[in-house]
Amino acid sequence: MLGLMQNRPLLISGLIAHAERHHGDGEIVSRRVEGDIHRYQWRDVARRSRQVANALDAMNLLFSDRVATLAWNGYRHLELYFGVSGSGRVLHTINPRLHPEQIAWIANHAEDQVLCFDMTFLPLVQAVHAKCSTIKQYVALCEADKLPQDSGIPNLVSYESWIGGQSPEYEWPAFDENSASSMCYTSGTTGNPKAALYSHRSTILHAYAAALPDVMGLSARDAVLPVVPMFHVNAWGIPYSAALTGCKLVFPGPALDGKSVYELVEAEQVTYAAGVPTVWQMLLGHLKPNGLRFSSLKRTVIGGSACPPAMIDAFREDYGVEVLHAWGMTEMSPLGTLCTLKNKHLTMSPEDQMKIRLKQGRAIYGVDLKIVGDAGEELPWDGKTFGDLYVKGPWVVREYFKGEGGDPLVNGWFPTGDVATIDPDGYMQITDRSKDVIKSGGEWISSIDIENIAMAHPAVQMAACVGMRHPKWDERPVVAVVKRPGMEVTREELLKFYEGKIAKWQIPDDVVFVETIPLGATGKMLKTRLREQLKDYKLPTA
Ligand code: ADP
């Protein structure tokens with residue numbers, strides 16, 4: 001017997017229709033590429049996303065055709081999120097920080113038909129358009145009078161004239177909720193990038209889950225600042241959850257420096273912000289020397305790489321902002337776990353609570369986790385045993401776009417490439433990427449632990465730990481450190497700083513001071529490149 005409830009497909013168009021009807025006057029504020037502040041409401045997003053849909057129909061774009069973006073977080077990008085997916089096309093957000101060759105490769109692989117770009121990326125588009133063989137239409141996200149005359153880019157229109165002549169009336173089509181809605185390529189640190197292809201269903205389920213109190217906890221009372229880019233896993237799904245909850249959205253545009261972010265938080269009375277640790281590092285770096293405080297910010301979600309304990313402390317202790325540590329990946333839409341305490345933890349000492357907060361958190365309903373050993377056997381949840389982290393759930397990839405890389409699943413589970421522990425309460429903690437694991441004398445050393453300790457030193461701005469070949473121990477950890485401007489610390493002081501904080505044999509053998517640590521397109525440390533930089537390095541102990 002089937003249930004007798006309405007079988008309405010879960011479609012992204014439903015989100016924007018809801019936002020327009022039930023919180024049409026909710027505000028969307030954007031810092032534009034031009035530098036000024038633009039503000040309008042959810043009902044305007046809905047109207048203009050219908051114009052986007054009409055513009056795509058006018059081009060005779062087919063169902064599931066790909067429309068690419070190279071854009072910052074802003075209102076026009078938001079309209080594309082709903083107009084492209086809502087009309088049955090697939091939104092392909094491209095990370096502009098990728099190498100131009102890689103961008104052209106991705107656009108061809110995705111067979112993008114349209115490319116919409118912020119004017120910041122005009123030189124990039126000029127450099128790659130000749131190599132992008134499938135793109136029929138280029139759309140510059142600007143007013144008609146800002147369109148460059150002799151850009152050399154064929155079939156270029158301004159966004160405002162592209163949608164301007166279109167009717168704001170449009171009936172969102174109904175189709176199978178399993179249809180593709182958007183896609184995002186992984187950064188491809190090994191081999192060519194592969195795309196996760198999200199569906200309407202996976203996106204809506206993820207949007208519901210993300211809004212839950214123990215996840216992002218978004219509500220109609222929040223003003224949310226997604227600093228995490230809309231080109232990186234759909235800004236962790238915030239645009240969708242925002243339409244679902246009716247929160248105010250505040251977009252930072254290209255201005256991600258500490259001063260700009262702080263000013264926007266204060267001017268728009270942001271209550272909630274989300275981003276990667278490197279961005280928050282810049283924000284904290286601006287607050288401290290200027291003696292600034294937040295008047296509205298209550299919570300911030302930090303993920304994408306391990307959040308250093310010193311950062312959680314600074315937000316909590318110095319600024320009264322709660323930090324929610326989150327973990328996920330492109331292949332998971334991206335949310336997998338989020339760290340919030342359970343009822344039984346509330347009576348614990350602040351130090352014991354902190355130990356939990358450092359972890360990447362508990363599985364969100366919809367995602368299941370397990371850790372496995374070398375033979376694929378499931379490992380115990382004792383908070384100590386390390387293993388390869390596997391996940392499954394309705395917003396986790398089943399396979400990559402065009403079947404690239406073959407079947408990624410192992411007995412229905414997706415191997416994340418992360419190494420983690422899970423404790424008896426289900427809190428997962430990442431210790432490493434599997435390719436970055438340091439194996440010393442048959443024991444694993446967590447590079448994240450070593451980095452976190454270094455980052456707690458006042459003179460350390462950034463730290464990256466890698467394993468170096470050792471004749472006796474196989475590998476020994478070495479930590480590369482960038483000093484804070486104007487501050488000093490010696491190798492000996494830093495090595496001493498580790499004493500008592502981890503087991504003696506886990507203390508790095510050496511500290512190497514460097515100018516910068518190479519970062520990838522999503523702001524994560526590129527340890528492969530760091531290892532190349534250190535290829536002539538010799539361990540003092542070897
Ligand atoms: P990429 O394309 O670089 O894989 P993703 O955003 O998909 O970009 O990266 C996912 C990876 O980022 C995870 O598998 C994990 O290694 C790392 N990561 C994400 N969040 C955290 C976190 N909170 N702590 C530690 N590592 C994290």
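Predicted model: local features only at pLDDT ≥ 70, side-chain atom pairs only at ≥ 80, totals over all residues.
**Exercise 1. Domains**

State which residues form domain 1 and domain 2, and how many Å separate their centres.

Solution. 
- Step 1: Domain 1 is made of two stretches, 9–25 and 42–200.
- Step 2: Domain 2 covers 436–533.
- Step 3: Taken over C-alpha atoms, the centres of domain 1 and domain 2 are 41 Å apart.

**Exercise 2. The ligand and its shell**

Describe the residues around the ligand, then list polar atoms of the protein that lie close to ligand atoms within the 3.5 Å cut-off.

Solution. 
- Step 1: The ligand has 17 residues around it, and those that come nearest are Ala326, Thr330, Gln360, Asp418 and Arg433.
- Step 2: Sorted by class, the shell holds 10 polar, four nonpolar and three charged residues.
- Step 3: Strand β14 (residues 322–328) supplies the largest share of the shell, four residues.
- Step 4: Arg433, one of the nearest residues, places a polar side-chain atom 2.5 Å from an oxygen atom of the ligand.
- Step 5: With Gly304, a backbone N or O atom lies 3.0 Å from a nitrogen atom of the ligand. For Ser305, a backbone N or O atom is 3.5 Å from a nitrogen atom of the ligand.
- Step 6: On its own the ligand has 560 Å² of accessible area, and the protein covers 91% of that.

**Exercise 3. The cavity**

Find how many cavities of 30 Å³ or more there are, and say what lines the largest cavity.

Solution. 
- Step 1: The count is one cavity of 30 Å³ or more.
- Step 2: The space in the largest cavity is about 60 Å³.
- Step 3: Its lining consists of Tyr198, Ser202, Thr203, His206, Ala207, Asn234, Gly237, Tyr240 and Ser333.
- Step 4: Helix α7 (residues 200–211) contributes the most to this lining, with four residues.
- Step 5: By class, the lining has six polar, three nonpolar and no charged residues.

**Exercise 4. The second largest pocket**

Give the volume of the second largest pocket and name the element that gives the most to its lining.

Solution. 
- Step 1: The second largest pocket holds about 870 Å³ of space.
- Step 2: Its lining has 33 residues, and Leu358, Gln429, Asp449, Asn452 and Ile502 lie nearest the centre.
- Step 3: At least two lining residues come from each of α12 (309–319), α13 (350–357), β20 (428–433), β22 (443–445) and α14 (447–455).
- Step 4: The most comes from α14, with five residues.
- Step 5: The lining divides into 17 nonpolar, nine polar and seven charged residues.

Notes: Residues numbered from 1 in each chain as written. Heavy atoms only, no water. Domains from an automatic or database assignment. Near = heavy atom within 4 Å. Polar contact = N/O pair within 3.5 Å; in protein donor to acceptor, adjacent residues only side chain to side chain. Areas by Shrake-Rupley, 256 points an atom, 1.4 Å probe, with all protein chains shown as cover. Nonpolar A, V, L, I, M, F, W, Y, C, P; charged D, E, K, R; others polar. 1 Å grid on protein atoms, 1.4 Å probe; cavity = no way out; pocket = protein on both sides within 12 Å on 5 of 7 lines; lining within 4 Å. Points joined across faces, edges and corners; volume = space filled by probe spheres on them.
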